[in-house]
Amino acid sequence: MVRSGEEPKPAGRATDGTGPARPRERFLQGESVEAGVRASILNSWQRCRTLGLSPDESDLPYREDFDPGGRIVRAAVPVLDRLQSAFSGSKVNISVADANGTVLLRRFGDPAMARELPAIQRVPGFVFAERVAGTNGIGLALAERQLIRVHGAEHFAERAQQSACVALPVRDPLSGRIEGVLCFGYPRGFDRPALAAAIRRAAEAIERRLLGQSSAHERALLRAYLAAGVGGGSGVVGLRGGVSAGAPVHVFQPRDQAVLREKAAELISRAQRAAVDVTLPDGRRVTLVSRPMTSASGVQGVAIEAVPHDSSASGSLLLPQRADDLPSLPAVPAASLAARPPSTTLPSGHPAGPGPVLAADGGRGAGQPGGGVAGDGGQGAVAPGEGVAGDGDRGAAGLGETVTAGPGDAVVPDGDRGPAGPAGPSGTVPGGPDRPGDAVAADGGRDAMGDRPEDPFPARALVMLGEPQVGAYALAARRRLELLSEASARIGTTLDVRRTAEELAETAVPRLADFVTIDLPDAVLRGEESADPLADLRRTVLYGAREGLPFTPPGKRIDYGPTSPQLRCLNGREAVLEPDLKAAAGWLAQDPEHTARLLAHVHSLIAVPLLARGVLLGIASFYRAGSSFGDDDCSLAQELATRAALSIDNARRYTHERTMVLALQRRLLPHGLPDQDAVEVAHRYLPAESDVGGDWYDVIPLSGARVGLLVGDVVGHGMLSAATMGRLRTAARSFAELDFPPDEVLVHLDNLVGRLDREDPDGKGAGVIGATCLYAVYDPASQRCLMARAGHPPPALVHPDGTVTYPDLPAGPPLGLGGLPFDSVEVDLPAGSQLVLYTDGLIEDRNRDVDVVLEQLRTALAHPERAPEDTCQAVLDTVAPAHPHDDIALLVARVHALDSDRIATWELPADPALVGEVRADAMRRLTEWGLEETAFAAELILSELITNAIRHGAGPIRVRLLYGHALICEVSDASNTAPHLRRAASTDEGGRGLFLVAQLSQSWGTRYLPEGKVIWAECGLDAA
């Protein structure tokens, strides 16, 4: 249980060991001190100032009621004696203090120190707790709960400026509770690196002796149990009871033993006489009986026995005064059980046998003749070549002296050798009848079961035996392991930062803490790393608090005071435990009014930083209202916080990546709708909850007042899919603006996707093949729509009368497969109809049938009077899944027709003489439309386009004017030869016609027809 961590070497400490004298002077003068002082020392100085301590105070409290023979003293005396021998002749002052800082023992390397030193440094009983003595080794080791070095000026008090010390808490190996502090004091120039290793070995030796005391108690209880069993004449069998030939038997398998031992530890911790029925995994039922008992030396404990039975009774019952008087437990014939020794587990984890049994008074139990037992009953681990001390511990500071308990010597509970007493007969239990055939094995099993038929319990299995507090430790340890196991399943179920923090709090309450608060920086909630976590902390989670408790509510900014445990936790990036907040000066000083109100509801605090991959993500504070937290609780809170921090960091990284992908996705999607008269459009893009995909949509103005509607979906999710989507959308728009029909656009996209995949042989572009697309071109002049799809869901058509249909459009293969054609279908779309395009995320869901969803979509769309914006919202509200696993792109277009009185058409043969006539008719029509200001430019454009068609094309020639948001001039002929814009030389007589067209129009181009072509030019209505 010794903490192996050691503070880093102090920054700025003088080489002579005097410590940070100048920073201390500045601190005492009220100046700010940051550099040159270790964080633990500076925090201690701040607490001392908060407590109002004076550095000139020379007196310390003295306690006359300290216990000079307590548990920690009995364990430490032999160790300190050996340390005194090891440091003989040196100026080392060795001391042991209790958990309150009261010195209980002192030893000196130089005997003269006992006469020369002042009383507070040589007489036990003085209190060195930080709250009264200031910064010192013992007090700081209790406050920081780890190995501590204090050098010269690092002490708060003036009296200790010439001294240095190293101190380490000593813990109970079973409970994990700090039992005391071992401290080496020495002149400030005596510092040696080996002191840290020596104090660790010595503390380990003391802790092993503490464990040996518990083991001695348990062995004494086992001896008393065996003696009682023999005296009562009842047979005792273990969990692995054997059988005699042909007899029925109840066998406890390993999984049965685990169930029984878990319940047994709970019964021991209750420390009462009881019986409870336990159902085993195979359906059998066993009654566990708890027997309170006391050893010869006064050790009180509980024995748990298992009695197999077939009774249908269940539940717990209190036993009569004598457990043998229970009438409801069935008897099992003794002949059915073989004479095999029991397999008994002590709560401390030590096996009860085989081996010598040691009573609390040191008597040797039943065992092999001459079996030797370590003085404290607990044999320490011995490395090759190392001696074993008389207390069973490895010698401290490299001492190899060996002391053993000789034959016949009795050993008293504290491990010291007492007067020799008579040993019992070999193979028998002292105090029990020595009858032939009733010899007891070393672990308590009788060689031959002599159960009498009239015994109420002719066969019992000893499951566990121990002291109630040890059983409580075992039960608490098991529950901590269960909580850790549960935390693995409960924390990190989502990739949401806030929800993950809530899961940590829900796991900890109420099994670890009564209240939990979690504070995260705003940057972490946004998925970023916080540059200064202390500056933007915000209360994210408050769990377990009832209404009216004075906790800061979620959403509020948090600003911890300079002496608060939370700030120490954040600055030091390690957990801070405050067992008693009423004695935590730093916590009380941060906001006296608020903390005073909070103290009425909380008692103890653990502050744990949320650290993952070197990034500080926030802080979790665990509060208890009643009992105090211990070091085991602190370790458990750290483990929970570590697991939660990794999950929070994963969620943060995911949020960051998702935010970037979503920003890229939205950047690659259309930012606005183009100005056109053909359709009224509304759109929605809804990213998936888990990750952003590659869905896209587009509205593309085309020549001849037409409009292209495009919806597509890239396979996969993440940054790669979003980037691929951007490439495909750009390519699709380019192909569409070349006035290719839908099927040809899909062919070009198919070739592009295949080429992209071939250019990426290492597979980093995986997800390109399999993209889907739907492309539709609507012509408001003819009110017809031409569409084609590549593996994409079919569009929905909403007719003016409310009828919703899904056109029979050939599906086509997904993009990238190659070698398969795409077919186009043309449908009539009267004015007022709606064309609805969507991606598969809208209709495909693992929990819904596609046909059912299509019917839901049909119902949602059967309202032609709705505006496209309302239609989009209605579809998302009624059809889209509540938690989409894939992106959803939705495009709703209500089509409009171009009025016939805004269309003018002329057909003429290839005769140049007719150009003037057509030009005149066009000017009259422009005058009727009120476009006199545009007439001049339109006249020149028509004249040039018609002349080119007559001279370079083939008849018949068709001229069309379309009046919408712009004036469109079109001239078509039967030739497939397209004109090209070129720069004419100054000596050329021709070649300037298309140049004039390009200068007078906003845009111009060529559109190919199944037979022939169309040359078009678009003029702005404000052209002169």
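Q: Where is A271 placed?
A: This is a predicted model. In it, A271 lies in the loop between α8 (254–270) and β6 (274–279).

Q: What makes the phi of A271 worth a remark?
A: Phi of A271 is near 55 degrees, which is a positive value in a residue other than glycine.

Q: What kind of peptide bond joins V509 and P510, and what is omega?
A: The bond between V509 and P510 is cis, with omega at about 5 degrees. P510 belongs to the loop between α10 and β11 (515–521).

Q: Which residues make the contact of α9 with α10?
A: On α9 they are L483, A487 and R490, and on α10 they are E503, E506 and T507. By class, this contact has two nonpolar, one polar and three charged residues.

Q: How do you know whether α1 is roughly parallel or antiparallel to α2?
A: Helix α1 (residues 21–28) packs on α2 at an angle of about 30 degrees. The cut-off for roughly parallel is under 35 degrees, and α1 is therefore roughly parallel to α2. Their axes are 11 Å apart. The crossing of α1 past α2 is right-handed.

Q: Which residues bring α1 and α2 into contact, and how do they divide by class?
A: P23, R24 and F27 come from α1, while L42, W45, Q46 and R49 come from α2. They divide into four nonpolar, one polar and two charged.

Q: What makes α15 and α16 roughly parallel or antiparallel?
A: The angle between α15 and helix α16 (residues 719–737) is about 5 degrees, and their axes lie 9 Å apart. An angle under 35 degrees counts as roughly parallel, so α15 and α16 are roughly parallel to each other.

Q: Which residues form the contact of α15 with α16?
A: From α15 come M660, V661, L664, Q665 and L668. From α16 come M719, A722, A723, M725, G726 and R729. By class there are eight nonpolar, two polar and one charged. Gly counts as polar, so G726 of α16 falls in the polar class.

Q: How many residues line the largest pocket, and which lie nearest its centre?
A: The lining has 34 residues, and A99, L142, R145, P579 and D580 lie nearest the centre of the pocket. About 1,000 Å³ of space lies in this pocket.

Q: Which elements give two or more residues to the lining of the largest pocket?
A: They are α2 (39–51), α5 (130–133), α6 (137–144), α9 (468–490), β13 (576–578), α13 (585–590) and α15 (631–668).

Q: How do the lining residues of the largest pocket divide by class?
A: There are 15 nonpolar, seven polar and twelve charged residues in the lining. Arg and Asp count as charged, so R145 and D580, which lie nearest the centre along with A99, L142 and P579, belong to the charged class.

Methods
Residues are numbered from 1 along each chain as its sequence is written. This is a predicted model: local features need pLDDT of at least 70, side-chain atom pairs count only at pLDDT 80 or more; totals for chains, interfaces and linings use all residues. Side-chain values use heavy atoms; hydrogens and water are left out. On a 1 Å grid over the protein atoms alone, a cavity is a set of points where a 1.4 Å probe fits but cannot get out, and a pocket is an open set with protein on both sides within 12 Å along at least five of seven lines; lining residues have an atom within 4 Å of a point. Grid points are joined across faces, edges and corners, and a volume is the space filled by probe spheres set on the points. Helices (H or I, at least four residues) and strands (E, at least two) are DSSP runs, numbered from the N terminus. Contact means heavy atoms within 4.5 Å. Axes are lines fitted to C-alpha atoms, for helices over the stretch in contact, and angles run from 0 to 180 degrees between N-to-C directions. Angles under 35 degrees count as roughly parallel, over 145 as roughly antiparallel, 65 to 115 as roughly perpendicular and the rest as oblique. A crossing is left-handed if the near helix is turned anticlockwise from the far one by less than a right angle, and right-handed if clockwise.
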